[in-house]
Amino acid sequence: MKTLLIEIGCEEIPAGYIIPALTVFKNNILKALTKARIDHGEAKILGTAKRLTLMVANVAKVQNSKTSTLSGPPERVGFDENGKPTIAAQKFAEKAGIKVDAIVVADTGKGRYLTAVVEESCEAAPVILERMMAKQILAIPFPKSMRWGSLSISFARPIISLVGLLGDQVLNFTVGNITSSNKTFGHRFMNPGSVSIETADDYEAVVESIGVIVDIDRRKKMLTDAIEMLAAEHDSQILEDPDLVDIVANLVEYPYPVVGRFDEAFLEVPDEVLITAMREHQKYFALVDADKTLKPLFIAVNNTLAKDMDLVARGHEKVLRARLSDAKFFYEADCEVSLDTFAEKLKKVTFQAKLGSVYEKTLRLEVLVDYLADASAYADTAALKTNLSRAARICKADLVSQVVIEFTKLQGFIGRAYAIRGGETADVADAIEQHYRPVQSGGQLPENPTAALLAIADKLDTICGCFSVGLIPTGGTDPYALRRLGIGIIQIIQAENQSLSLTALIEKGVAGFVSDTAKRDKIVDQVKTFLKNRMVNIMTDQGFSREAVNSALAASFDNIPDVHLRVKALDILRKEPDFEPLAVTFKRVENIQKKAGEISTQKVDPSLFEHGAEKDLFEACTAVTSTVESLIKKGEYTGALKEIATLRPLVDSLFDDVMIFADDAAIKNNRIALLASVSGLFNNIADFSII
């Protein structure tokens with residue numbers, strides 16, 4: 001057993017490409033080894049912007065042996081009446097690579113057939129690895145690839161070296177115009193020469209000796225420890241930014257941080273602008289004090305240890321000063337313009353080619369938020385309406401500000417800052433920032449009613465608009481992120497515990513785009529199905545069984561908090577030991593109702609009862625009905641289902657003792673109506689027919 005080492009040396013690869021590429025490469029190599037019958041241990045990915053490395057432990061020297069049985073022609077075709085092999089048997093033996101007398105006649109169940117036991121030859125692992133490696137390397141996916149020179153291959157960046165070792169044996173393969181060896185290169189500036197790797201297990205120590213920390217997690221920890229220590233020396237803390245740590249760790253091969261300063265006058269600009277200028281353009285870490293207030297300090301991480309790191313810091317300061325000066329200029333220019341003026345400029349900003357301008361979107365939002373304020377259960381509706389109307393009008397205004405045009409990720413954040421500066425209420429200012437939430441899976445939700453309702457309206461308007469012009473997500477395509485928006489709507493309504501009618505809300509949203517009644521109804525149904533599917537995914541991700549979710553949603557999905565309560569109750573009931581017979585009984589009741597159709601709507605007439613089982617079920621059902629209805633009104637579905645479950649023995653007795661579809665139509669219809677009174681108790685909770 002030996003360690004496999006593959007290193008792909010490249011020009012600088014973008015930081016975000018490295019881990020995804022290495023993960024796919026690792027998985028593909030492990031699958032290929034398994035398919036080739038080569039035993040192996042665990043794999044480890046390593047890398048920097050200049051090299052992608054994979055190490056696989058305990059790789060076998062040769063393939064495992066494999067024995068297979070080949071089937072040939074029937075015995076009557078392979079041997080004549082005297083038992084001598086025919087030409088067919090000889091050809092089969094040649095194909096199998098055995099002698100004719102090694103053929104075995106076996107009874108296959110379909111008759112007696114010629115068979116041959118064949119043991120495949122075992123190749124050495126290095127031979128197989130050399131044969132597969134170029135293909136596996138070129139199969140590594142990247143968001144964008146490039147070609148170089150006159151080569152026909154493509155990769156994230158030009159490949160400049162290849163290392164291939166199995167233990168101490170050099171693997172020989174070629175990718176493009178580069179042939180593998182046991183030589184790697186050091187740090188580009190600190191140790192630019194090449195060095196030989198005697199054995200794969202020496203790799204990490206060898207590259208560290210030439211200035212490269214190839215272990216990603218170790219390099220990240222070194223980076224984190226170094227910048228935190230440096231920040232502490234300046235009585236500061238690093239502004240928490242794990243994503244930036246990941247990026248910077250993959251920009252350097254060895255981290256050398258320095259502290260720089262910027263003019264305190266720049267602190268007049270909103271923190272988000274300064275932080276974004278440092279982070280997005282320069283990949284600098286912002287520093288804050290114990291109260292999380294931004295300080296005029298930053299940390300830059302270099303890939304090289306210079307003789308005079310203070311000089312390096314001055315260089316970073318000079319670069320950042322230009323960036324912050326631009327940001328300050330943009331901010332001061334924006335401050336001369338009101339949000340209302342910006343909002344008017346939205347008339348010239350296209351929301352979507354078929355859906356008009358962003359300004360028109362804000363007008364639709366005003367209508368939607370007014371409806372939402374009336375439909376919601378929030379207190380002080382009048383104040384809420386005032387805030388919502390104002391927030392809807394100016395929530396997109398910052399899109400045409402100079403700061404957001406320069407720093408697009410600051411949309412919402414800058415709008416909030418400008419709103420506060422312009423004297424808007426805190427709720428309106430917060431709503432401008434928060435109505436985009438959640439911006440990612442598991443992200444923060446809006447934190448006040450104004451922001452929550454504006455967020456729902458904004459997302460719903462986009463979904464309804466896109467559906468109205470045929471921009472519906474299909475398969476893996478969702479260019480307008482409608483699935484994420486749909487999930488956001490559901491999460492916000494659930495978190496705010498608002499019993500909004502989803503159907504009425506969708507109808508209001510679609511009405512802003514479509515006037516034709518038939519077309520509007522069709523789009524409403526499409527959007528409802530779309531959101532229903534999002535609800536299924538959300539709730540199954542929360543740990544509820546898909547069966548319980550589908551059953552509850554089949555009954556109703558108009559009230560999102562109510563759906564959650566019903567799914568939770570049904571999932572609890574499913575864990576009871578007698579749930580299966582209960583489900584079978586109720587499923588039978590549901591199926592009879594569906595078969596009976598309109599008959600089930602008539603009232604039960606006790607005078608038509610012919611058996612005690614009918615009377616017993618009727619009395620028990622009547623007795624629990626008021627209790628069940630009371631529990632359902634309170635949202636106590638677990639208790640309601642347990643009450644309904646007490647009817648199961650009586651329903652079973654009815655099925656055992658009584659012919660439901662009697663010859664007498666009046667008696668038959670009365671029995672169906674009796675079952676309808678039972679199903680009526682649970683058909684607003686769950687549809688048992690699909691369990």
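Two strands count as paired if DSSP finds at least two bridges between them. On this basis, strand 2 (residues 43–48) and strand 3 pair in the antiparallel sense in the predicted model. Six bridges join them. Within this pairing, Leu46 has Thr53 of strand 3 as its bridge partner. Strand 2 and strand 3 form a hairpin, with two residues between them.

Strand 3 spans residues 51–59. Strand 1 (residues 2–10) also pairs with strand 3, again in the antiparallel sense, over seven bridges. Here Gly9 stands opposite Arg51. Strand 3 is mostly covered, with seven of its nine residues buried.

Strand 5 pairs with strand 6 (residues 112–120) over four antiparallel bridges. In this pairing, Asp107 stands opposite Arg112 of strand 6.

The largest nonpolar core holds 95 residues. Val403, Leu454, Ile456 and Ile463 touch the most other members. Helix 16 (residues 449–468) gives the most to this core, with 12 residues. Contacts of Ile456 were listed without residues up to four places away in sequence. They comprise Leu372, Ile489, Ile492, Ile493, Leu500 and Leu505. A second, separate core has 43 residues, including Cys10, Leu52, Ala60 and Ala156.

Pro438 lies in the loop between helix 15 (426–434) and helix 16. Its relative accessible area is 3%, under the 20% limit, so Pro438 is buried. Leaving aside residues up to four places away in sequence, Pro438 touches Gly443, Gln444, Leu445, Lys459, Arg484, Gly488, Gln491 and Ile492. Ile492 is also touched by Ile456. Pro438 and Asp461 are 23 residues apart in sequence. Their C-alpha atoms are 16 Å apart in space.

A search of the whole structure gave nine aromatic pairs. In one of them, the ring centres of Tyr254 and Tyr256 are 5.0 Å apart. Their planes meet at 20°, so the pair is stacked. Tyr254 is partly exposed, with a relative accessible area of 23%. Tyr256, at 14%, is buried.

Phe329 and Phe330 form an edge-to-face pair. The centres are 6.0 Å apart, with 65° between the planes. The angle is over 60 degrees, which means that the pair counts as edge-to-face. Phe329 is exposed, at 53% relative accessibility. Phe330 is buried, at 16%. Elsewhere, Tyr17, Phe142 and Phe155 form one aromatic cluster.

A charged group also sits over a tyrosine ring: the charged end of Lys347 is placed over Tyr359, 4.9 Å from the ring centre.

Technical notes. Residues are numbered from 1 along each chain as its sequence is written. This is a predicted model: local features need pLDDT of at least 70, side-chain atom pairs count only at pLDDT 80 or more; totals for chains, interfaces and linings use all residues. Side-chain values use heavy atoms; hydrogens and water are left out. A nonpolar core is a set of buried Ala, Val, Leu, Ile, Met, Phe, Trp, Tyr and Cys residues joined through side-chain atoms within 4.5 Å. Buried means under 20% relative accessible area, exposed over 50%, partly exposed in between (1.4 Å probe, protein chains only). Contact means heavy atoms within 4.5 Å. Rings of Phe, Tyr and Trp (its six-membered ring) pair if their centres lie within 6.5 Å; planes under 30 degrees apart count as stacked, over 60 as edge-to-face and the rest as tilted. A charge sits over a ring if NZ of Lys or CZ of Arg is within 6 Å of the ring centre and within 35 degrees of the ring normal.
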